[in-house]
Amino acid sequence: MKPTLLMLALVLVFLTPGFLASGSVLRADQPNVILIVCDDLNDYVEGFDGHPQAATPNLARLAASGVSFAQAHCTIPICGPSRASFMTGLYPHTSGCFGFTRWDEYEVLNNSRTLMDYFRANGYRTMGTGKLMHHCVRSEWDEFGNRSDYGPFAETGGERCAHPDVPAPFREIGAVDGSFGPLTNIADRTFPDGKTYVWKTGNWAAMRTMRVVSGDDRDLTADEINARWAVERLQQLAGSGEEEPFFMGVGFIRPHTPLIVPQKYFERFPLSSVQLPEIKDGDVADTFASTVRGNPNALEQPGSARTNDMGSRLYENLVASYETRELALQSFIQAYLASVSSVDDLIGEILHVVDNTSLADNTVIIVTSDHGWGMGEKDYLYKNSLWQESTRVPLIIRAPGIGQRGTMVNHPVSLVDVYPTLAEICDLNGDTRKSDNGRSLDGHSLLPFLNDPDTTDWSGPESALTALYKWRMRYEPAAESYSLRARDWRYIRYENGKEELYHTAVDPHEWTNLAGDESYLPKLETFRSQLADRVPAPGAEIPAQPPFRPGGVNNSANRNSESGRNPNAAAWKDTYFRRHPEADANGDGVLTWREYREYRREFDPVPDRDN
């Protein structure tokens with residue numbers, strides 16, 4: 001008998017690497033999952049002791065019905081590689097993905113299943129909306145709503161710019177990182193500069209004018225659109241009677257800059273009442289992050305476009321824009337708290353649907369962020385540091401029928417543990433690799449902590465590992481900068497061998513670097529050994545990485561620029577940099593062709609782009 005096409009198809013399926021175990025049959029009692037990822041959200045969340053004025057009642061309600069993790073940390077404190085890491089369950093040193101090249105161009109990641117793909121391979125219906133991976137690949141989902149939209153942006157004369165109420169020199173940083181303020185009617189206002197402004201929003205492929213007449217008469221923000229999409233989709237699922245479980249991802253942009261949300265959220269935090277974080281004067285003096293940041297030829301004066309790194313530049317420019325440091329930080333923190341509060345309201349809408357429908361008893365909800373954000377500690381206002389403010393993220397898990405409600409886990413854990421946790425809760429089966437070129441999960445299931453927050457019976461490590469992002473043409477995992485956050489300590493080793501050691505049990509703000517104190521040498525030796533056991537050794541095989549492509553191969557302004565065959569390219573790029581200083585991803589004051597390409601891909605595309 002000749003084999004039929006159906007028989008041949010079945011043979012190919014069963015021979016495919018990573019196909020599900022033969023005993024894996026989707027069950028109606030397997031739970032649904034809603035994964036909510038906020039962008040740049042630090043510990044300014046009720047219950048996490050990040051800020052005394054944090055107003056997040058909906059997240060507090062979720063925490064009261066679930067389990068929170070007091071020391072959850074990202075694997076790398078910047079958007080692109082962090083999301084590539086925890087959505088694939090692989091550390092940057094495993095995949096080689098430490099930067100902003102598209103995650104699916106890395107051999108290891110392209111041959112490993114993303115979290116949503118693994119759920120889909122197990123029979124789940126997968127759907128998502130908003131910013132989940134830094135580079136969205138729609139084929140990873142059965143259904144996808146809206147791509148990332150970082151708006152609203154102010155615009156004047158056809159150029160995106162900072163909120164018109166932001167003073168200089170901070171506003172000169174640009175429309176993304178140099179912008180914050182309330183979403184109000186700016187089209188009908190008269191500004192001292194005599195310019196007229198409008199609001200724009202949209203993803204990099206299509207911007208549109210945003211109508212804002214008043215707080216009650218305006219277009220929805222991107223986050224509101226994504227919340228509405230999720231709410232409507234959940235209502236449909238709850239009322240459909242379908243038994244097929246689903247995995248839903250919802251990505252909210254705020255509190256990523258620009259910190260622009262409706263006026264009502266700013267009114268919740270009167271400017272004069274905003275409390276500042278505890279900041280020790282001169283705290284940066286015993287740290288070494290500046291020794292590995294930026295361009296060694298950069299100028300050092302505050303406000304310069306060539307100040308060493310983005311975090312220092314943001315801090316120095318912010319302080320220089322106001323009469324006092326206190327007022328500068330109050331203004332920014334007010335916008336941050338307002339942005340967090342706006343997202344909390346949207347999360348509340350999702351919780352309301354789940355808690356008041358048939359979804360309540362069989363839906364796992366996880367809320368977290370890709371990394372944190374510093375608020376002036378160590379003269380730094382940004383992400384991408386190896387200190388607590390950048391690495392720590394809120395993590396709340398509610399799994400019906402599992403765990404002790406309202407408890408807090410104090411053991412350090414990692415975002416890379418989210419993938420195996422959900423896989424175990426939902427009883428997923430099969431290889432998480434697509435082929436032998438992929439890698440098995442690096443993380444460990446957090447289920448033991450859900451059942452007992454004080455358990456010592458966990459297969460995972462004693463400390464959370466975080467790498468530092470720095471732009472490179474090629475990454476060597478053994479030579480990168482890393483941090484280990486243990487229960488009572490933080491250890492940092494920079495790429496140049498400089499070290500920091502903090503006894504966080506008595507120094508939670510990481511004010512005193514003990515690495516230079518000989519009495520702590522045994523503790524240093526312990527952490528050095530632990531780090532050596534967890535990251536590749538010098539000389540180890542480097543994961544295959546995408547080839548470096550300066551500029552865009554289809555962009556004539558960039559083509560051949562590195563070889564010097566286009567003598568006008570460098571000058572053209574310098575002009576672009578003056579118009580878009582936020583394109584300088586690592587904040588070293590120099591716009592590389594790779595930074596230019598990645599910025600244009602995300603925010604300012606050319607019609608003949610090569611992606």
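Predicted model: local features only at pLDDT ≥ 70, side-chain atom pairs only at ≥ 80, totals over all residues.
Local features need pLDDT of at least 70 and side-chain atom pairs pLDDT 80 or more, while totals for chains, interfaces and linings use all residues. Residues are numbered from 1 along each chain as its sequence is written, and side-chain values use heavy atoms, without hydrogens and water.

Q: Why is the contact of aspartate 142 with arginine 120 called a salt bridge?
A: The term requires a side-chain nitrogen of Lys or Arg within 4 Å of a carboxyl oxygen of Asp or Glu. Here N to O is 3.8 Å, so the pair qualifies. The rule gives 28 salt bridges.

Q: What makes this pair a tie between parts apart in sequence?
A: Aspartate 142 lies in the loop between strand E4 (125–130) and strand E5 (143–144), and arginine 120 in helix H6 (residues 115–121). The parts are therefore 22 residues apart in sequence. Helices (H or I, at least four residues) and strands (E, at least two) are DSSP runs, numbered from the N terminus.

Q: How do you know whether aspartate 355 and arginine 398 form a salt bridge?
A: Their closest N and O atoms are 2.8 Å apart. That is within the cut-off, so the term applies. Aspartate 355 is in helix H10 (residues 325–355) and arginine 398 in strand E15 (residues 396–398), 43 residues apart.

Q: Why is arginine 398 called buried, but aspartate 355 partly exposed?
A: Buried means under 20% relative accessible area, exposed over 50%, partly exposed in between (1.4 Å probe, protein chains only). Arginine 398 has 9%, so it counts as buried. Aspartate 355 has 30%, so it counts as partly exposed.

Q: What makes phenylalanine 332 and tryptophan 373 a stacked pair?
A: Rings of Phe, Tyr and Trp (its six-membered ring) pair if their centres lie within 6.5 Å; planes under 30 degrees apart are stacked, over 60 edge-to-face, the rest tilted. These two rings are 6.2 Å centre to centre, with 10° between the planes. Phenylalanine 332 and tryptophan 373 are buried.

Q: Why is the pair of tyrosine 380 and tryptophan 387 called edge-to-face?
A: The centres are 5.9 Å apart and the planes stand at 90°, so the pair is edge-to-face. Tyrosine 380 is buried at 4%, and tryptophan 387 at 2%.

Q: What makes lysine 378 a charge over the ring of tryptophan 387?
A: NZ of Lys or CZ of Arg must be within 6 Å of the ring centre and within 35 degrees of the ring normal. The charged end of lysine 378 is 5.4 Å from the centre of the tryptophan 387 ring. Lysine 378 also lies over the face of tyrosine 502, at 5.4 Å from the ring centre.
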